[in-house]
There are 4 protein chains.
Amino acid sequence: MAPAADKKLTGLVAATFTPITSEGEINLSVIGPYIDYLKEKQGVNKVFVNGTTGESMSLSVEERKLLAEEWCRKAKGKMDQVIVHVGCLSLKDTQELAHHAAQIEADGIAVIAPSFFKPSSADVLRTFLQEVASAAPTLPFYYYHVPSVTGVNVRELIEGIEKVIPSFRGIKFTESDLMDLGQCISYSQPHWSVLYGVDEQLLGALAMGAHGAVGSTYNYVGCHVNKLISAFETGDLVQARTIQVLLISLPLLCVLDHLYHFAHICTSLI
Amino acid sequence: MAPAADKKLTGLVAATFTPITSEGEINLSVIGPYIDYLKEKQGVNKVFVNGTTGESMSLSVEERKLLAEEWCRKAKGKMDQVIVHVGCLSLKDTQELAHHAAQIEADGIAVIAPSFFKPSSADVLRTFLQEVASAAPTLPFYYYHVPSVTGVNVRELIEGIEKVIPSFRGIKFTESDLMDLGQCISYSQPHWSVLYGVDEQLLGALAMGAHGAVGSTYNYVGCHVNKLISAFETGDLVQARTIQVLLISLPLLCVLDHLYHFAHICTSLI
Amino acid sequence: MAPAADKKLTGLVAATFTPITSEGEINLSVIGPYIDYLKEKQGVNKVFVNGTTGESMSLSVEERKLLAEEWCRKAKGKMDQVIVHVGCLSLKDTQELAHHAAQIEADGIAVIAPSFFKPSSADVLRTFLQEVASAAPTLPFYYYHVPSVTGVNVRELIEGIEKVIPSFRGIKFTESDLMDLGQCISYSQPHWSVLYGVDEQLLGALAMGAHGAVGSTYNYVGCHVNKLISAFETGDLVQARTIQVLLISLPLLCVLDHLYHFAHICTSLI
Amino acid sequence: MAPAADKKLTGLVAATFTPITSEGEINLSVIGPYIDYLKEKQGVNKVFVNGTTGESMSLSVEERKLLAEEWCRKAKGKMDQVIVHVGCLSLKDTQELAHHAAQIEADGIAVIAPSFFKPSSADVLRTFLQEVASAAPTLPFYYYHVPSVTGVNVRELIEGIEKVIPSFRGIKFTESDLMDLGQCISYSQPHWSVLYGVDEQLLGALAMGAHGAVGSTYNYVGCHVNKLISAFETGDLVQARTIQVLLISLPLLCVLDHLYHFAHICTSLI
């Protein structure tokens, strides 16, 4: 069974932080209120769970499962879509998490390329992604592109990718280079989503045709970015630009510190 | 005497190639027809001479003077503005070229940072630029920003820069990072110009508020990019995006080869 | 209980490949003969298991345990020392593997720094290493230094490190920069070992005072490198240099290919 | 006329600083006493003039000529060899300086690769070097290898290089990678010199077979490094290592600051 075609991922997606206790344990109890906060305070109703913002790479497979499960359970009826990032350095671990995401009824999975032994070519990476997707064939599949981490040309990667990954539905594109983005969007199929991941230059990406955005700042300035998107869509570029520049100038303290202080941040957010 | 305030640099500026003969000598005779070609075939009436596209870094000071002089002489009455890039590794050489640019009545000078011994801070670079500008105080001064070459934070550099360089009039900004661009534009004074230098993502830069563009592709696709800019200005983003993506997909052969084959290219252009 | 002081790690240590079957499963049955081969054919009697050569970063925690266990079991009475690399991106996983290494009576553990979220300072890394070491306090602890991966200054890291990691016994130093190596050796305590990890320039490292070497090439040219070390120790630099240059010139095919073809290589070795 | 074969360049070569006045002008008057100081206080009797240490890249062609001339004139009868670095970004400038070096009877020239438009291959660089050498065919020619600046594989470059550059006599090798060094030394012809340029790991390079060293620290610790070399040559590695480690630990202040304060340093040296 192929993924449903009617849930194209667009608009704002918050890359969620991972709440932890002061003892360094994951704190599932915060997730429920976190979801309410995103919906009510930020107007954000899509989440990207266990990604880079969520520091999943520093978590064990078991911890990632517990988190994904809680996000899916608590988001039911509140969030439109929960995308679970399942990428690990190990293919087996990644497949295990993909399979688990299907079991807990996530709305999609995303996968970053292995970063320690980087894929030596687009073909090698495509094969890796294919083996992951085959562990959850009914879930929409998104490639999480961060070239600084993996170095594979994304345009080459997606050429004909649906032949090997029928569930392929798009890209989380985290790169400042908008030429690559333009090429991806240009090649993109109608049911794909190209979501931009460099929050600070979202406006440029929208001009190039990005379908939405995934980012950590949407946890706390999502309501403003929703206005930016609206302004852009109604052709009010001056207003859109004013918001974008304002967001660039925000103190970045919370962002920069987030890696070691989720719990604190999550608490302060809610 | 301060530079005239009424010639704000906007729109398309072609970063010109340097014509050379098959014996490797600069070929001044091509410059006249080159100017006619740009004006008539591309609708481009501003040039950025002796920049990276012009491979000035591989030319001697004397060669650069001869080129700059011919461009200024032949452009008279045909081009709106001739900006001469004068940056060298040596401060003395740079000052000599800046002074020469004033003598030949260029419309402005641009300066890249030294790239062998890179400036260790924004202050060090600001002092370098100031010493160059003082050699041609009546000419509008543009900082040529290529962070991959020099690594100084541009936003920090331009903070209060008119106090030390009264002739400062803007930036040629060659970086894919649009956040930095947004910050520069946001800080930019009304009589400054922020000109974008990554041709492949110009549309994103326009969305962020760039005032114009300097690039090598405008030598041969300037007429199309003029349409892109018009479409953008009338709010037709779909059309603008179509042109941008088309330009990205152009065979890049002529660009990639240009470094060692100017004469050939210049001939084929005209 | 502190680690025994009488087993200072010196000489050649083979960084072992991980045998896998053609189906991509780990192949424990090869490890016994592999050990015999190293001992008899190469004269190598120390191994570094589950390191970069062993591609442990692409394996699951469970696979790494099975491998480490088999190496320790089969090496008993044959190898002098089995060092198990336990570094993972996740601290918990790393601690679990460290604890497991103690249970299976490994002779030491080694830990690389997390490479996805790189440690922001020597202090942050020292704390990470300390938490790992505390999970196996009786095992000699080696820091696996690969600056290209982690970027922390090693000399700063080891300053006073025994105060926080009493079991600290040395460094696997994989960097071409011999100045850093010299500083580490100079600071090194008598019961520490600084083992060099860039096989191609071992002779330079020996001149600087390295106590031994850990590397993948010692799997197949260990017998020659043992002669290089002997020549160096008897002051015959001309002979040592001849061997080193010969080793540099070896076809690197087997090395470059190893990442995706362990099984094949391991079979061909034995 | 080919270069004389009887002056193989070995031992210590000081990469000289460029004395400047407090007004930023080159200060030729310091060069005479500088030479006496090197000879008498440091036991150094070979110099590498107008190199990176001498900041020649920030000087004009005219300034470099004046400096080279003064060094050659004052060194006569005092220094064994004066090697003049003539590399510039411009081929014409480089040829002019090479020709000038022959006129002033320098003992050799050295050339770094252009660093702004880096050579795209070993062939391109070889052609550049050949054109430079042809402007001074009677002078021993040394390639100044700094891969971080130019990125061309040196072993490939020197393959058969004497066929195109009959005056080729060796390499100033400034790279920490001793494998590359070993390959160069191994290929090196008997009348070539491979001189090492990373002062902090000279001992490792000597072990690999380097014939000498060119560096900035030999301006002020040449006398100690002469002892290091003697110890190495008599097989006393412990003593050699002790000196090497001591030199690594020296305060680097003077080195780090030298770029902007030659005059001060030169004064303090003498």
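# Buried charges, paired interfaces and an annotated site

In this predicted model, D:Glu63 is buried, with a relative accessible area of 9%. That value falls below the 20% limit under which a residue counts as buried. B:Lys92 is partly exposed, at a relative accessible area of 32%. In general, side chains of opposite charge can pair when their charged atoms come close.

Over all chains, the count comes to 48 salt bridges. Within chain A, A:Arg126 forms a salt bridge with A:Asp123, with 2.6 Å between the closest N and O atoms. Both residues belong to helix H4 (residues 122-133) of chain A, where they stand 3 residues apart and are therefore separated by about one helical turn. A:Arg126 is buried, its relative accessible area being 14%.

In chain C, C:Lys76 forms a salt bridge with C:Glu105, and here the closest N and O atoms are 3.5 Å apart. C:Lys76 lies in the loop between helix H2 (61-75) and strand E3 (81-85) of chain C, while C:Glu105 lies in the loop between helix H3 (91-103) and strand E4 (108-112) of that chain, so the pair ties together parts that are 29 residues apart in sequence. C:Lys76 and C:Glu105 are exposed. In chain A, a network of salt bridges links A:Glu69, A:Glu70, A:Arg73 and A:Lys74.

The interface of chain A and chain B presents another picture. There, 21 residues of chain A are in contact with 21 residues of chain B. The size of an interface is often given as the accessible area lost when the parts come together. For chain A and chain B the buried area is about 1800 Å², of which carbon and sulfur atoms give 73%. A:Met179, A:Met208 and A:Ile248 supply 27% of the area that chain A buries against chain B, more than any other three residues. The elements of chain A that give two or more residues to the side touching chain B are helix H8 (178-187), helix H9 (202-208) and helix H11 (237-249). The residues on that side divide into 10 nonpolar, 8 polar and 3 charged. Across this interface there are 0 salt bridges, whereas 7 residue pairs are in polar contact, with both residues at pLDDT 80 or more.

Chain C and chain D can be described in the same terms. In this interface, 21 residues of chain C are in contact with 21 residues of chain D. The area buried between chain C and chain D is about 1800 Å², and carbon and sulfur atoms give 73% of that area. C:Met179, C:Met208 and C:Ile248 supply 27% of the area that chain C buries against chain D, more than any other three residues. The interface of chain C and chain D has 0 salt bridges, and its count of residue pairs in polar contact is 7, with both residues at pLDDT 80 or more. On the side of chain C that touches chain D, the elements giving two or more residues are helix H8 (178-187), helix H9 (202-208) and helix H11 (237-249) of chain C.

Other chain pairs have no contact. Chain B and chain C do not touch, and their nearest C-alpha atoms are 19 Å apart. Chain A and chain D are likewise not joined by any contact, their closest C-alpha atoms lying 19 Å apart.

The last stop is an annotated site in chain A. The unreviewed UniProt entry carries the annotation "active site" for A:Tyr144 and A:Lys172. They span 29 residues in sequence, yet no two of their C-alpha atoms are more than 4.7 Å apart, so they gather at one spot. A:Tyr144 lies in strand E5 (residues 141-145) of chain A, and A:Lys172 lies in strand E6 (residues 168-173) of chain A. A:Tyr144 is buried at 5% relative accessible area, and A:Lys172 counts as buried at 6% relative accessibility. Beyond its neighbours within four places in sequence, A:Tyr144 is in contact with several residues, including A:Phe48, A:His85 and A:Lys172. The side chain of A:Tyr144 also makes a polar contact with the side chain of A:Thr52, at 2.9 Å. With the corresponding neighbours within four places left aside, the contacts of A:Lys172 include A:Phe48, A:Tyr144, A:Leu195 and A:Val214.

Methods:
Residues numbered from 1 in each chain as written. Chains lettered and ligands numbered in written order. Predicted model: local features only at pLDDT ≥ 70, side-chain atom pairs only at ≥ 80, totals over all residues. Heavy atoms only, no water. Contact = heavy atoms within 4.5 Å. Buried area = accessible area lost by both parts, 1.4 Å probe. Salt bridge = Lys/Arg side-chain N within 4 Å of Asp/Glu carboxyl O. Polar contact = N/O pair within 3.5 Å; in protein donor to acceptor, adjacent residues only side chain to side chain. Helix = DSSP H or I, 4+ residues; strand = E, 2+ residues; numbered from the N terminus. Nonpolar A, V, L, I, M, F, W, Y, C, P; charged D, E, K, R; others polar. UniProt positions renumbered as here; feature names shortened; annotations may be inferred. Buried < 20%, exposed > 50% of the residue type's maximum accessible area, 1.4 Å probe, protein only.
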